[in-house]
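Student: I've got a model open and I'd like to learn how to read its packing. Could you walk me through it?

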2 protein chains.
Amino acid sequence: MKYIGIDVGGTNLKAGLVDESGLILASQKMKIAQVDDRDSLAWTLVALTQDLCRAAGVGLEQVASVGVGVPGTVDVRSGSILYTCNLPLQNVPLRKLFHRYLSIPLYIENDANCAALAEYFAGAGQGSKRFVTITLGTGIGAGIIHNGKIYHGSNGMAGEVGHMTILYQGEPCPCGRRGCWERYASASALKRQTARALEENPDSILAAVVAENGGRVSGQSAFIAMRRGDRVGEQVCRQYIDYLAAGIVNLVNIFQPDTLAIGGGVSNEDDRYLLQPLRKLVEQESLPCGRDKMTKIVKAELGARAGIIGAAFLGKNKRV
Amino acid sequence: MKYIGIDVGGTNLKAGLVDESGLILASQKMKIAQVDDRDSLAWTLVALTQDLCRAAGVGLEQVASVGVGVPGTVDVRSGSILYTCNLPLQNVPLRKLFHRYLSIPLYIENDANCAALAEYFAGAGQGSKRFVTITLGTGIGAGIIHNGKIYHGSNGMAGEVGHMTILYQGEPCPCGRRGCWERYASASALKRQTARALEENPDSILAAVVAENGGRVSGQSAFIAMRRGDRVGEQVCRQYIDYLAAGIVNLVNIFQPDTLAIGGGVSNEDDRYLLQPLRKLVEQESLPCGRDKMTKIVKAELGARAGIIGAAFLGKNKRV
């Protein structure tokens with residue numbers, strides 16, 4: 001069987017036809033702005049399903065399910081979008097609307113959970129029984145996979161690890177708390193930390209790196225500067241990795257997963273500069289339980305494809 | 001059927017014969033110091049089982065299982081104690097040793113998990129599907145019950161929520177980290193905070209309360225002083241509850257349990273002074289998900305009996 005996966009992002013809507021192994025056979029991308037309202041969203045999903053089948057030469061009857069990943073809170077049982085941060089989609093009974101046009105099973109899930117599911121079935125989490133994926137982006141999303149199933153908590157909102165306070169009375173967070181992990185260890189936080197260091201060190205190699213990038217600070221700037229021998233860049237990276245480790249050790253002490261995968265652009269840094277020092281800190285700080293039983297800290301493998309593949313595999317998960 | 005539950009503590013070993021509903025039909029207590037080594041521990045468990053049956057007039061054939069709760073790390077599969085903090089018990093194949101004398105099934109579990117299981121079957125967690133218990137004592141223990149089963153993580157050590165950093169670079173913890181939650185929100189932490197306030201305010205009502213208690217600071221001192229109108233006591237309690245809330249909100253955002261129960265001596269304070277302000281903070285700070293879907297914060301109900309009842313129900317859990 002084949003699966004349709006649709007990754008609804010803040011800017012783009014990406015869709016793919018995926019086979020059992022996680023291979024994307026056909027894909028398509030469009031601006032989310034083209035979708036006006038809930039009905040047009042449902043109809044867009046239908047049109048994408050048909051287009052992808054046509055493009056891949058696959059009959060609709062071969063599609064086991066359509067899965068949709070959404071940046072927000074969903075009701076997985078009813079197949080509805082409850083709330084999204086950055087899109088005008090609230091209380092949308094998507095499954096019901098979709099089934100007016102097509103009778104293929106439709107599943108819906110939070111996007112961080114989709115990413116974790118993709119890694120579980122086709123990436124860094126294959127074979128894991130207690131698996132956690134964190135994605136470093138604007139915030140920090142997480143998906144917790146327990147015996148092959150997404151952990152939803154009692155209300156579908158579990159896994160908001162980005163809003164775990166690691167610094168009591170620290171920086172205010174838009175969520176209303178202070179000192180949330182994502183204020184310190186998301187990709188956006190790294191950029192802010194880099195920008196601050198730049199301001200304080202206008203003559204550093206870091207400043208040259210940013211200038212070469214057209215004056216734009218990116219999540220890579222500090223790492224590039226460090227590799228060129230810059231003390232300022234090194235200090236930014238070291239502090240960032242320490243913040244990242246603080247939250248990861250919290251998760252290890254709470255969940256003791258066998259594998260924890262890190263995704264998002266930042267995770268693409270060379271292992272010597274990110275993963276290796278991070279692993280060392282996690283090993284030093286997490287509770288002792290024998291070296292053979294320690295959580296493996298790995299890179300997520302599927303990159304930007306995880307959204308499509310994970311959404312597609314929502315149906316696969318249901319059939320297991 | 002009946003169940004034997006044995007709660008191995010740092011000082012005492014408490015044992016009980018428990019019925020299906022969690023009622024303790026007979027109980028016994030002894031100093032753990034009387035147990036010399038691993039063989040004598042196994043033999044003590046056998047003798048206690050026989051004594052309890054005799055005391056309650058119950059035949060051994062009516063005992064479904066013997067459960068043992070241990071303050072440390074265990075291997076639930078093999079029925080072994082791997083490591084305990086405060087007892088000289090390491091790598092003890094308890095089930096194997098016990099079965100030399102008696103063939104009743106023996107289960108072994110971490111004590112915080114036992115407390116959670118007791119509350120799940122016979123206390124504050126009845127009917128809960130996503131249940132978390134925290135116990136405020138020397139540290140903060142936790143048990144996570146997911147669909148009636150204890151969450152162990154990949155290595156049996158999950159749930160060490162006391163060693164979740166809530167204050168990056170905060171107070172050092174014996175575990176090797178800094179700023180662990182239990183350094184701020186355990187019963188011991190409350191006593192330390194009270195002692196500090198006392199030192200700084202020797203003329204406060206708090207000082208009088210402590211003097212009346214023979215000069216000993218307890219986990220109740222600040223609460224008693226607050227109820228008598230003491231500003232110093234009130235400040236200690238308010239700060240303590242704020243620390244407590246910080247970690248609880250972390251757990252709610254991560255797990256979204258339907259129910260979170262708080263045990264340990266501190267939890268016996270009048271609801272107006274502990275649970276009500278705590279609930280308000282948790283409601284304010286945890287991620288929005290509709291008032292009807294919020295985690296219920298409740299008091300654990302079984303008190304000191306939870307250890308025996310939970311250990312006893314290890315066997316009950318296995319049969320479900």
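Tutor: Let's go through domains, helix pairs and the chain contact in turn. This is a predicted model, where local features need pLDDT of at least 70, side-chain atom pairs count only at pLDDT 80 or more, and totals for chains, interfaces and linings use all residues. Residues are numbered from 1 along each chain as its sequence is written, with chains lettered from A and ligands numbered from 1 in the order in which they are written.

Student: Where are the domains of chain A?

Tutor: Domain bounds come from an automatic or database domain assignment. Here it gives domain 1 (2–119 + 304–319) and domain 2 (128–300). Over C-alpha atoms, the centres of these two domains of chain A are 28 Å apart.

Student: How many residues of domain 1 of chain A touch domain 2 of chain A?

Tutor: Two residues are in contact if their C-beta atoms, placed from the backbone, lie within 7 Å. Twelve residues of domain 1 of chain A meet 15 residues of domain 2 of chain A. Helix H3(A) supplies the largest share of the domain 1 side, seven residues. Helices (H or I, at least four residues) and strands (E, at least two) are DSSP runs, numbered from the N terminus.

Student: Now helix pairs. At what angle do H5(A) and H8(A) cross?

Tutor: Axes are lines fitted to C-alpha atoms, for helices over the stretch in contact, and angles run from 0 to 180 degrees between N-to-C directions. For H5 (residues 187–200) and H8 (residues 231–255) of chain A, the axes come within 10 Å and cross at roughly 150°. Angles under 35 degrees count as roughly parallel, over 145 as roughly antiparallel, 65 to 115 as roughly perpendicular and the rest as oblique. So H5(A) and H8(A) are roughly antiparallel.

Student: And how does H8(A) pack on H9(A)?

Tutor: Their axes are 9 Å apart, at an angle of about 45°, which makes H8(A) oblique to H9(A).

Student: Last one: how many residues does each chain give to the contact of chain B with chain A?

Tutor: Chain B gives 33 residues and chain A gives 33 residues. On the chain B side, helix H8 (residues 231–255) gives the most, six residues.
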